[in-house]
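This report goes through a predicted model chain by chain, then turns to two contacts and a few local features. Please keep the structure in view while reading.

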Amino acid sequence: MKKHLLNVLFLILFGILVYSIIEMPTMQTVDAPSYNEVTEYYIENAVNETGSVNFISAILADYRGFDTLGETIVLFTSVIAVASVLRTVKKKEEEEA
Amino acid sequence: MINQLPIINMLLFLATALIIPLLSRRKFNITLIFGFIMLALVMTSSFFMLFHIADNGAIIYQFGGHDSRIGIEFKVDLMAAIISLFVVGLTTVIYIYSCGDETEGVEQKEYGRYYILLFIMLFALLGIIYTNDLFNAYVFMEIISITTCSIISIKRKKETYAASFRYVMLNEIGSLSYLFGVALIYMVTGYTNIDFVSQSIQTIWQLYSINIIIALGFLIIGIGIKAAVFPFHIWLPDAHASAPSSSSALLSSIVVKVYIIVLIKLLFKVFKLDVLNHFHVSDILVVVAATGMIMGSIFAIAQKDVKRMLGYSSISQIGYIVMGIAMFSSLGLSSALFHIVSHGLMKAALFLSVGIIIYKKKIKKKDQFEGLAYEMPITMGVFTIAALGMIGIPLTSGFISKLTLGVAALDHRQGFLIIIVVLSGLLNVIYYLPIIISSFLKSEPKIYHPFKIEKVPWPMLTSVIILGIGILTFGIFPNLIMNIMTQAAELFGWV
Amino acid sequence: MKIIQVFVDNINFIGAVALFLIGLRTVVTKKNLIKRIMGLNIMGTSIFLFLVAIGNVTGGVPPILSGEEGVTYINPIPSVLILTGIVVVVSITVYSLSLTVKIYEMYGTINQDELTNLIREDDLHD
Amino acid sequence: MEDRIVKSITRMVIPFIQLYGVFIILHGHITPGGGFSGGTLIGTSLILYTLVFGLPTAKKKFSHRMSQIAESGGIIVYVGIGLVGLFISGQFLTNINAGFPLGEPGELLSGGMIPLLMIAIGIKVASTMVSLFHLLIEGDLDEDHPGIR
């Protein structure tokens, strides 16, 4: 019984979200609200400000470089976290010795 | 040089996290001392930053020298400076405790890893407080959720793995719904920088009101899950029951509070007041806070395990903080900030004293506390101070925060909230007082030398004493931090 | 007819929302731990699909400067956010998989119901 | 898996996968791709090596010590490049003001600090993937699963 209730709930949620998407500015053209002066700035000035032809690597490494630093730290923590869960202590001693 | 301080603080923590594996060859105390020096360094620099910001306004630091629309930006205003000082200060005290507590379920070899994760979590905590960019906050939120889960699951017990698995799942749903909200906001405004997002939201929220409602819903639910606000709190008690006591102290007094700060940033900096009043967010938050206060305490009464009980009591205390925020007034926000600091101190004191009790007596159940005060006077003394603070007895910081919350509720013409505050205080009495009574009055028959200081490693005792003193000083002289907090709350420009 | 036209116009947004809810439903209702992790991945990819759909410009060219004029580029920012997001979902999945390995080693089962019963038994007698 | 054919084929294929991965990393700022995708390519080639030749031999190729160095090395290089910007021009992670040679766009040696960061990310992603894979399958070897001998 609980399962059907949950399925109905998810269907209602899906209906609400689809109805709201129709209201949203989903036109995929240049005059979408998200295609504003920030994007135009990147497209015009990315080449001569960073020298890289590929805008995505320019934004990834130069303009939003701090995000990518956060990324490398997420990778670093995931290795430490998995090692802290899986690495059995006795095995580690053999390697150290 | 002052502008570089935020990034230097964070890089210091990152450097400690990277240097600890190299130090693991030598005797272990060197790592502990090295970590302590770094924490003290960052604490002094955040003190220095607080005084600088109190005088001449927020520090704005743009990465790569790009205009704030283009690149990522740090904006350290007065509230961020206060909270970062609170986070680093409380972590130093908990760090002192964890130096003395080697054996508590964490093997010696694992110990270096525990500190690497701790310092990376601190790096991310400072980052999420400072940042002024929504997507950057998501990246730091992920680092915090991985490190907090692995700090809990580092204790190799059966139930820790199941508890941290449930914690990861719920945390991940929270982060992904936060990301969904950020994507919806980006779709309508085109910015991720908080100031520019709020500027464009003020102009277009009538036009795309559907987007704003759904983004608001996803963001509040996402942050609610991570901050263990009442309806989404399921993961907190299990995580506390099985985690090492220093990490559960860290989790419930610091990490949960930082997510409340992210909620404050979202509500009052991104969606300013008129958007929130239009969608009646204040009433929803008041209802959520009120149920959280009552239900959290009711669940806490039914618990046997002390740590799980403390977990449920932090859920009801988070309800207090959300109630303070829901007032949408500078008085309400300053009382919420004060309660964040006072609850952080009290909850850390409770968890650490329970940790000492478990370390010495290996008991976990509530009813095994008979006559403990005679064997361990200091620990039980601090436990009583903190428990009285939670109930709201005068002379403790808990009383002051309950008082200011009540005044804020009255000022907001919602008097019935005072009844709920008092009722939840009574419920706290029901589950805290029996422990105090049984530990002080029921005397153990075979005690021959009462009131001898317990033989427990000195770092654990000093940290607990510091917390006890902190609760009392903020209780007797609340204006030490209250004026800065009202100053910080004024900055939000209440209409 | 207008309804179908509306559906066809923003099909990728509706697809993204549908995937998000399917993922949420798998995480909430499924009992097997590995399936819950897969549900998490579905939720992650659905948000990245949503971000791509936001940044997409019909007839746009991938944002590499190609020299000739009059070319409209798609919005590069959502693609950057996705590159960062993928790495995050991967590391969370690896961490939860390592937890599942340990849970299986300790409890011998990865079914959520059996797990809760076993934990309740442990609580009773310790 | 003592299979002569599989071993010889992988011995031939792996260098080309790694070469392609290095190409993607180095051309990150010209063609699509970059640190993340190139790093995954190299990581997959090492995982393929571990699958075919067994964990002990793979451990010799990519030992625990080396993975620790690669892990923290990637971050140290990244933060070092950021600090160069901080010391020279007072802004963390900056490109032009820190005097990185921008070069002529479209060429291999263009883009200032971007290729350096891409290399750091590539090393980081590759070493993370491989050490995660080794950690996950390491647990199976203690209990007497034949697993990957």
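## Terms and conventions

Helices (H or I, at least four residues) and strands (E, at least two) are DSSP runs, numbered from the N terminus. Residues count from 1 along each chain as its sequence is written, while chains are lettered from A and ligands numbered from 1 in the order in which they are written. The model is predicted: local features need pLDDT of at least 70, side-chain atom pairs count only at pLDDT 80 or more, and totals for chains, interfaces and linings use all residues.

## Chain C

Chain C holds 5 helices and 0 strands. Its elements run α-α-α-α-α from the N terminus on. The radius of gyration is 21 Å, well over the 14 Å that the globule rule gives for 126 residues, so chain C is more spread out than a compact globule. That radius is taken over C-alpha atoms, and the rule is 2.2 Å times the number of residues to the power 0.38. Along the principal axes, the C-alpha atoms of chain C fill a box of roughly 75 × 40 × 15 Å.

Of the 126 residues in chain C, 40% are buried. A residue is buried if 20 or more other C-beta atoms lie within 10 Å of its own, exposed if 12 or fewer, and partly exposed in between; C-beta atoms are placed from the backbone. Two residues are in contact if their C-beta atoms, so placed, lie within 7 Å. Among contacts in chain C between residues at least 6 apart in sequence, 49% join residues at least 24 apart.

Chain A has 5 helices and 0 strands. Its pattern along the sequence is α-α-α-α-α. Buried residues account for 49% of its 97 residues.

The contact between the two chains takes 36 residues from chain A and 34 residues from chain C. On the side of chain A, α1 (2-23), α2 (37-50), α3 (55-63) and α4 (65-86) each supply at least two residues. α4(A) gives the most, with 10 residues. By class, this side of chain A has 24 nonpolar, 8 polar and 4 charged residues. Here Ala, Val, Leu, Ile, Met, Phe, Trp, Tyr, Cys and Pro count as nonpolar, Asp, Glu, Lys and Arg as charged, and the others, Gly among them, as polar.

## Chain B: contact with chain D and helix α1

In this contact, 10 residues of chain B meet 13 residues of chain D. Helix α1 (residues 5-23) gives the most to the side of chain B, with 5 residues. That side has 6 nonpolar, 4 polar and no charged residues.

The 19 residues of α1(B) should span 27 Å at 1.5 Å a residue, and the end C-alpha atoms are 26 Å apart, which agrees. The expected span is 1.5 Å times one less than the number of residues. Buried residues in α1(B) include Leu5(B), Ile7(B), Met10(B), Phe13(B) and Ile20(B).

## Positive phi in chain B

Ala228(B) has phi near 55°, a positive value in a residue other than glycine. It sits in the loop between α8 (209-226) and α9 (235-242) of chain B. Ala228(B) is buried, with 27 other C-beta atoms within 10 Å.

His280(B) is not a glycine either, yet its phi is positive, about 50°. Its loop lies between α11 (273-278) and α12 (281-301) of chain B. His280(B) is exposed, with 9 other C-beta atoms within 10 Å.
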